[in-house]
Amino acid sequence: MEQKQESIQQAKDNQFIYVKDSEIHGKGVYTAKDIAKGTKVIEYVGEKISKEEGSKREKIQEEISKQNNLKGAVYIFELNDKYDIDGNFEYNTARLINHSCDPNCEIEIIQDRIWIIAIKDIKTDEEITFNYSFDFDEDYKYHPCKCGSKNCVGYILDEDHWEKLKASS
Ligand SMILES: [Zn+2]
């Protein structure tokens, strides 16, 4: 089930952002203008799928990501108890947003839409980042972090797991 065409078009026409090569990883998403804290920067759009389909695709994307050494190239997002969003589509510019241990945005789900929201004032031409909130499991070593922030923990991990990481190393 595709999401509403309107959402997809809005994401394509988004005036807040542009894409260029990132110093963190691959391509990144940058601000085209100053953005105030609290702004809905861009929606994470894609295909709305069942949880079951979501975990199936997540596994496939993880495998491909490992084989091709694409760090954390998994695009399944939890929308609610019933549905996930698969954002692995070219029109979903938000899929290019990199993880950071010191992000300037976060994910918020508002009325069944996934938004990337500014959590601080962001100046023009800054890279947009959020914490991917990965679990601390046997796979964490496949997702090293090169965000370059002062507090970088070295891996893409939810902040809830940072203590565990420190304890285990
Ligand atoms: Zn980092």
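Predicted model: local features only at pLDDT ≥ 70, side-chain atom pairs only at ≥ 80, totals over all residues.
View 1. Residues are numbered from 1 along each chain as its sequence is written, and side-chain values use heavy atoms, with hydrogens and water left out. Cys 145 is buried, at a relative accessible area of 9%. Both cysteines hold the zinc ion through SG, as do Cys 101 and Cys 147, and the four donors lie 2.3 to 2.4 Å from the metal. Donors here are N, O and S atoms within 2.8 Å of the metal (3.2 Å for Na, K and Ca); water is not among the atoms, so sites may look incomplete. Along the chain, the donors follow the spacing C-x43-C-x1-C-x4-C.

**View 2. Geometry around the zinc ion.** The four donor atoms subtend angles of 104 to 112° at the zinc ion, so the arrangement is tetrahedral. For four donors, that label asks for all angles between 85 and 135 degrees.

**View 3. Ser 149 in its loop.** Ser 149 sits in the loop between β10 (129-130) and α3 (162-168); helices (H or I, at least four residues) and strands (E, at least two) are DSSP runs, numbered from the N terminus. With 16% relative accessibility, Ser 149 counts as buried. Its side chain makes a polar contact of 2.9 Å with the side chain of Asn 151. A polar contact is a pair of N or O atoms within 3.5 Å; within protein, one must be able to donate a hydrogen and the other to accept it, and residues adjacent in sequence count only if both atoms are side-chain atoms. Setting aside neighbours within four places in sequence, Ser 149 is in contact (heavy atoms within 4.5 Å) with Ser 100, Cys 101 and Asp 102. Cys 101 is also one of the zinc donors.

View 4. Gly 54, Arg 57, Gln 61 and Ser 65 are buried in α2. They cover an arc of only 75° around the axis, so they sit on the same side of α2; the arc is taken from the directions from the helix axis to the C-beta atoms. Covering these buried residues are, among others, β4 (47-50), β5 (76-78) and β6 (83-86). On the face turned away from the buried side you'll find the exposed residues Glu 52, Lys 59, Ile 60 and Gln 67.

View 5. Gln 111 has a positive phi, near 45°, despite not being a glycine; Asp 112 is another non-glycine with a positive phi, about 60°. Gln 111 is exposed at 74% relative accessible area, whereas Asp 112 is partly exposed at 39%. In strand β9 itself, look for Ile 117, which is buried at 6%.

Conventions. Buried < 20%, exposed > 50% of the residue type's maximum accessible area, 1.4 Å probe, protein only. Tetrahedral: all angles 85-135°; square planar, octahedral: opposite > 155°, others 65-115°.
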